[in-house]
Amino acid sequence: MDVKNKLTSSEKLSQIVIKGMQEKKASDIVVMDLSDVKNAIANFFVICSGSSDTQIDSIADSIDEEVHKILGEAPWHYEGRENKEWVLLDYVDVVAHVFKKDKREFYALENLWGDAKIEQIEDID
């Protein structure tokens, strides 16, 4: 029962992260469900792309604000704010990745976990 409740809260958190990304017009949003992947470091990765330093900053801020507003949580760990090529917000069970487009292609996180269930989220116009 505990595991199910934890997964439910992870799913809810990933939906809030998606909302934060969509608020700032992030593109190519993907949710990777890692909950059934052995030795995965989180239940979900939520990945998106931004086209400029300003947009990447805005997306990361929006994720942080949405999660704090709805759940009252702050990221356990935050990385990449200085270089603005790959910003990571780690909420333990859910990790948000905000990439500059070319860096996302280079790191190709979606290809690293072949066992993950991957859901593409439609861009909002």
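**View 1. The salt bridge between Glu110 and Arg104.** Arg104 is buried, with a relative accessibility of 8% (buried means under 20% relative accessible area, exposed over 50% and partly exposed in between, with a 1.4 Å probe and protein chains only). Its side chain meets that of Glu110 in a salt bridge at 2.5 Å, N to O; such a bridge is a side-chain nitrogen of Lys or Arg within 4 Å of a carboxyl oxygen of Asp or Glu. The model is predicted: local features need pLDDT of at least 70 and side-chain atom pairs count only at pLDDT 80 or more, while totals for chains, interfaces and linings use all residues. Residues are numbered from 1 along each chain as its sequence is written, and side-chain values use heavy atoms, with hydrogens and water left out.

**View 2. The salt bridge between Arg81 and Asp57.** The N to O distance is 2.8 Å. This pair links distant parts of the chain, 24 residues apart: Asp57 lies in helix 2 and Arg81 in the loop between strand 3 (77-79) and strand 4. Helices (H or I, at least four residues) and strands (E, at least two) are DSSP runs, numbered from the N terminus. Arg81 is partly exposed, at 23% relative accessibility.

**View 3. Strand 5 and its partners, strand 2 and strand 4.** Six of the seven residues of strand 5 (residues 94-100) are buried, so the strand is largely enclosed by the rest of the structure. Strand 5 pairs with strand 2 (residues 44-50) in the parallel sense over seven bridges, and with strand 4 (residues 86-90) in the antiparallel sense over five bridges; pairing requires at least two DSSP bridges between two strands. Val95 is the bridge partner of Phe45 and of Asp90.
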